[in-house]
Structures are given as structure tokens and as C-alpha cells.
Amino acid sequence: MNANGGSTLTLERRRVPLIDGIDKVTGRARYTADLDHAGALIGRIFRSPVSHGEILKLDISKARALDGVFAVVTGDDCPHTYGVLPVTMNEYPMARGRVRYRGEPVAAVAAIDAATAQRALGLIDCEIRELPAYYTSADARAPGAVLLHDNKPGNLEREVHHIFGDLAAGFAQADLVREETINCAEVNHAQIEPHAALAEFDPASGRLTMQSVSQVGYYLHLMLARCLELDESRISIIKPFVVGGFGARVEVLNFEIVTALLAKAVGGKVLMELTREENFLTHRARPQTDVRLKLGIKRDGRLTACECEAIQRGGAYAGYGIVTILYAGALLQGLYDIPAIKYDGYRVYANLPPCGAMRGHGSVDTRHTFECLLDRMARELGLDPFAVRRVNLLQAPTRTMNDLMINSYGLAECLDKVERASRWKERRGKLGPGKGLGMACSHYVSGAAKPIHWTGEPHAVVHLKLDFDGSITALTGAADIGQGSSTMVAISVAETLGVSLDRIRVVAGDSALTPKDNGAYSSRITFMVGNAAIDAARNLKAMLIEAAARKLEARSEDIECAGETFRVGSGAQSSLTFDEVAKAALVDVGAHTVKGTFTCPPEAQGGKHKGGAVGSTMGFSYAAQVVEVTVAEDTGIVKVDKVWTALDCGRAINPLAVEGQIEGSVWMGMGQAMSEETRYLDGLPAHASLLEYRVPTISESPPFEVLIVESNDLFGPFGAKEASEGALAGFPPALVNAIANAIGVDLDELPVTPDRLMEALVERRRAQRRGAMRKAAS
């Protein structure tokens, strides 16, 4: 039984276009930079020119005196740290006393126009005594390295050590034990919409209104109150349309607080738009990670033990780092049945922009390494990769060794679907020179079961308002950032009530109107907000049935709802339309608002070990995919010919949106696997534009065949789980495994660029020559 009864409801599946789609394709949608900023001053940020150093002098007098400049603020104007995790707030909106990465905000100006603001930045006199800067995890951890934060010995933000099961016995039982180390480059979200914020402060009322690209309006609300020393009741957060987030905006960003500080300083409105280069400095992306993995397996492919070490270069501040390094280990579990697992994780400070959450948060690099090594070991034992995955499947319902709850598990069907669709058995090894097939599996959470800020409130709340015109307005704080969550809310309400989708309006992300929501992260909205929407709709339906019973002079339990018609039993002659019942429901009370909630029960909130809440969820999505490639050995160019992806989303509330989300996640996985890489030169991004940072274009994008698997999760809304992140982590290893199948080369670095592939081919030829020489000598 669903916690809100959702799984007992039937769902009429339709391919529903997103309810905001027309606004977006016609240009009517207004994003933060499009908002009415008449009378707004222009904000600009002065950034550190060095990677690490002490601020000896910061003279803003000339900038402040420039005609057209209304305010200049520095770190002295905000003595409060901020951050997404209450226990790791070690970052100021603008540096105070010390800078820790090149491009860190030091001061900001608000001026009459952009040109004046830029001139003012040039008048700021900043003198910094440089300190040693560290751009790799190894250098930052080296003996004698200067600490970026005095309370973090060894420049370690967090180290994690978890052991589950008998590791020594597991490896002793294995017939084959192998170990690999794989390096995964830092990658950027590369969302199309640059960061922007519009803040307005009214000195008469002391109220601040903020409109921003944030995915987490509630957390932004909290941090603005903290940093500006405002009562939370004096702040309103409004989320305009957002063009993608992918994790880039799941924590409060410095420019948002700086914009608010400027607005308060001038007593008016300030618009801040970051350049693309500034977006790369304010990115919070997936950290560069070195993964060392050791696996033990039996001759039949059964896993006996797993030992993993992950070292993440996290940048200069904490951000989401603790969560990221915990996810990397926690999600080694929940996909396969592994009797013993040891995980050591190290999150390292370095003099680079802070990293954070990105689609598939924390899990992608360790999953890539795991699936690559598992494939190599299967090959060594002469086993089919599909067979190895099947022999290690879990049996749901179950709990993992780290106490993650698994209620539905459609991975077996995912494997069956992609194996058949790709004609794996008939085609693998028979495609001709330079062509190959590879496969991999992956999974992800449907929302973190334990919220970051624990207040005792429900995890999700939805209000439904019924008014005189028969319309139903769904009020939700959930942030639709392009993933279609507002459409999901509308469908959930309409299906539960049995009314037309056109009758539902959705108002989202306005803290003055909508109930609080924790935000768009960890694929939580469908599961949590969807269940809350169903709960609200059931409460409204009960009220409507009571009104119909009064009008029809019948008992409530005898009323049937058929579409938008209410009647007494199936054979009754008398009936009422929805509009008639709505009017009857409002007699004596007027417009009516009902509430629905959802809360993850304690048993879903993870284990009791330190960090055990990370990875906990009410439901995991599961994915399997096959990638077909053509490899040109003379150039090192890899062409993806086709991708088959099957994902267990529990139940596809809107198959059209589910397919789009799966395609998008696979496409992002392709970018990380083949071309995307954030490199730095003396701490400055080497390719801070979308011309230089290589995301896949339409010319590189292969045909996708998306296969939806429905395991009907016991607790999901209509049985649904997440659909937008679970498939991402499977593409990189499937690609690398396909390349190995095509040309016999195993690659240990991401992305697989032509130069890296050519180096691997050259090394293979060298190894072959050395082997031939040894054979000849013997």
C-alpha cells in the first residue's frame, strides 16, 4: 500500500506535452535575465586575480566615487558564511582576508549601467600576498602543503571509511581478483542559461524580493536571511522559468547573495548577469576523481568482494562535498548483490572553484570504474557481460548491507530489453573491424529520504485551491527547471480527481504563495511532490463527494465519480456535473483550499553508521544500456552508432517526458565519456565558453532507442520512480567497453578523446613489440 495510497490508483497513460511547452517554444517564457528590470542597477563582481593569497589591501574609494556608481560592497559587509550543509558552511559570499581560488569574489559594484560598473571594477585597488597554490589532490595532500582551511589537516574536507561484510573472506573465496585505477576528469554542467539574479530591497518595509535561477528556493531563502541578517518573513523568493540546472544550482551560489547585498545597500533593484566565463568559475560541477577498485568474482561471475578508494578534487570550499564523497561509496550498493564491500573516500581541498552536485550526483565515476572492471574480468573468464550481471541480481524487496531500502527492482527486465533490442547475441563480435558493442548498468535514488535541513515538516506539501469558476489551482514550491515537474503535478491531480487536465493550473516556486519545498535535487520531485499532489487531490475529492451526496441526498459512500460526473451508483438516473458539485462544495465556505503531504518514513532514511543517510531513498531507478561504436584507429575518433537504453522508472506517469529525460541523461553521459573536461591553467579555466568546452552537438548525437520498464514501486505515485538520472552513469562504461570490444584496448581515463585513444594504441603497439622481443629472446 502506498504511504499516500497512490499505488492503488489507476493511471490513464497519455503522452502529454509539458504544460509550459508552448510558452517556451513561442518565446513567451520569461527567464531571469528577461524579467522587467526597469530602473534596476547593474551588478558586477570584482574577482581575485590569483589562486591563493592573503588580502593585504582592498581600497574601494575610487570605485565608490565614480559617477554612476551607487554601491560597492566587500567581504566586510557580510561576516556570515553560507553553504548547503549546516555543518560545513565555510564560504563567504565575498572573500574575507584570504582568497582560495582564482576568480573568487572579492568585491562587487552596483552602477547605472554595465559600462560604468566595469569601469568601477578597474578602479578597485587590491593587493594580495600570494601563497602556494595546489591544483591537484596529490599536491594538496603532500607533506608540508599549506592548509586552505586551518581546521582541515591534510587539506581533507572529509574522509570516509566504511566496511560491510567480511572483505578478507570475500576475496579468499574469489576465483579471480583484479584491481584497476581509473581517472575521471572534472566536468561542467554547461547549462544553456547563464547564472542571473534580480533582487529588490524596499527600505520602507524592509522586504527583499529575489528572483533567481536557483533550483532550491527554500535554501536560498535561508541563506539570504542569514547573510543579510533579515527576518525570514521579510524575504520572498520567486522562481522564473529556468533553462536547465543539472545540479549547477542545487546550492546557494555566491552571486545570489552578492546581488541581494547590493540591493540592500542601494535600497532598490539590482540585476546581476554572469558571463559564460563567470559561470565556469561559479560551477559546482562533478569533481575530478581518481577511483581505485578491486573486485573478486567466482568462475560463474558471482561477485564475492569489492574494495574501492575514491579521491575527489573538490575545490576551495565545502559545498556539497561531504554528500558527494558519501554518495560515491553508498551507491556501490543497491545495484548488485555483493556480500562484502569496503569503501575509502577522500574529499580534497584544492585552489580551484568549488565542485558540487551534478546529474547522477556522486555515483557516476565509481559506477564507471566498477562496470569497466567487471566487464574486463568477465572477458578474462570467458563470460558474457549480460550473464555476469544476471548472476548478481538482487531480489526485491530487500535491504542492502548499508541499510538502503529496495522495494522494486526492474533491472532484470532492463537487461532483457536492451539485449534483445540490440541483438547482442547475434551481433557482438561479428560487426567487422573497428566496430563493437558494450554494455553497462546503473541506478539512482528517487530523492534523498532524509532532508538536509531537518525541521520536522513533511518532505513535500501541495495545496489545491477550488474556486467559483470550477478551476483547480495546484500550489507547489517545487522548482520546474525543465524536467516537467509542474506537468507531473497537474497529471497527478487530474488523474486522481478524474477531471480534464485543462482544468488544472499549476503555480510553482513563489514563496509568498506556494508552500515550502526543499527543491529540485536528487530526483526527489516526482516521488515526493507527486505523492503529496495525490494526497491533496484525494482530500479534495472527498470534499467534492460529500458535496455531491448532500446535493443528491445520498450517502457519501454511494457516490460514484465517472470522469467529471458524480452520480449515485452506476445505474442512477440523477447525476451532477463537476461544475455543479464544485458550486455546491463552496456553499457557505467560499473558495476552498486543501493540503496534501508526503514524508519518507524513518525506515527509509538509511543506516545508523556515520553518513548512513546519504544514498537512502524510497525507490531506486535501474538502467541497462548497450552502446555500438565505430573506432578509427588511424585518427582515434570514436563514433557512437546507436544507443539502446532501458530504464525502470516504476511507472511512466507521462511517457513522453520520461523518454525525454532518459535521452537527456544518456546524452550528458556521452559528453562526459567522449569530450567534456574542465582543465585549468594556473587556476584559470582553459576553455570557459561553449565554443571551447566540448559538449556533444547534433552531429555527434546518435540514434537513441529508449525502452521503458515499469516495476510499479509500492510507494511511488501511481508506482512511479525517478527517470532523469539513473541512466547517465551507464553510458561512459558502456562506451569504454564497446571500444574494448571493437579494437581490444581498455581505457583508464575519461573523457575518451582522440589523443588519449591514440596514446593507448601507441602503448599497445609498444607492448606488443616488447612481447615479441621477449619471445624471440627466449
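Predicted model: local features only at pLDDT ≥ 70, side-chain atom pairs only at ≥ 80, totals over all residues.

User: How many residues does helix α14 have, and how far does it reach from its first C-alpha to its last?

Analyst: Residues are numbered from 1 along each chain as its sequence is written, and side-chain values use heavy atoms, with hydrogens and water left out. Helices (H or I, at least four residues) and strands (E, at least two) are DSSP runs numbered from the N terminus. The expected span of a helix is 1.5 Å times one less than its number of residues. Helix α14 (residues 485-497) has 13 residues and reaches 18 Å from its first C-alpha to its last, close to the expected 18 Å. Gly498, with a positive phi near 75°, follows α14.

User: How many residues of α7 are buried, and what surrounds Ile257?

Analyst: In α7, 10 of the 13 residues are buried, so this helix is largely enclosed by the rest of the structure. Its buried residues include Phe255, Ile257, Val258 and Leu261. The span of α7 is 19 Å, close to the expected 18 Å, and Gly267, whose phi is positive, near 65°, follows the helix. Ile257 itself has a relative accessible area of 0%. Contact means heavy atoms within 4.5 Å. Leaving aside neighbours within four places in sequence, Ile257 is in contact with Tyr82, Pro93, Met223, Leu224, Cys227, Leu228 and Val252.

User: Which peptide bonds are cis, and which non-glycine residues have a positive phi?

Analyst: Most residues other than glycine have a negative phi, and most peptide bonds are trans. Here a cis bond with omega of about 0° joins Ala396 and Pro397; Pro397 is in the loop between α11 and β16. A cis bond with omega of about 0° also joins Leu750 and Pro751, and Pro751 is in the loop between β31 and α19. Arg284 has a positive phi of about 60° and is located in the loop between α8 and β13. Arg423 has a positive phi of about 55° and is located in the loop between α12 and α13.

User: What does the radius of gyration say about the whole protein?

Analyst: The radius of gyration is taken over C-alpha atoms, and the globule rule is 2.2 Å times the number of residues to the power 0.38. The protein contains 19 helices and 31 strands. Its radius of gyration is 28 Å, close to the 28 Å that the rule gives for 778 residues, so the protein is as compact as a globular protein of that length. Of the 778 residues, 61% count as buried. Among contacts between residues at least 6 apart in sequence, 80% join residues at least 24 apart.

Notes:
Buried < 20%, exposed > 50% of the residue type's maximum accessible area, 1.4 Å probe, protein only.
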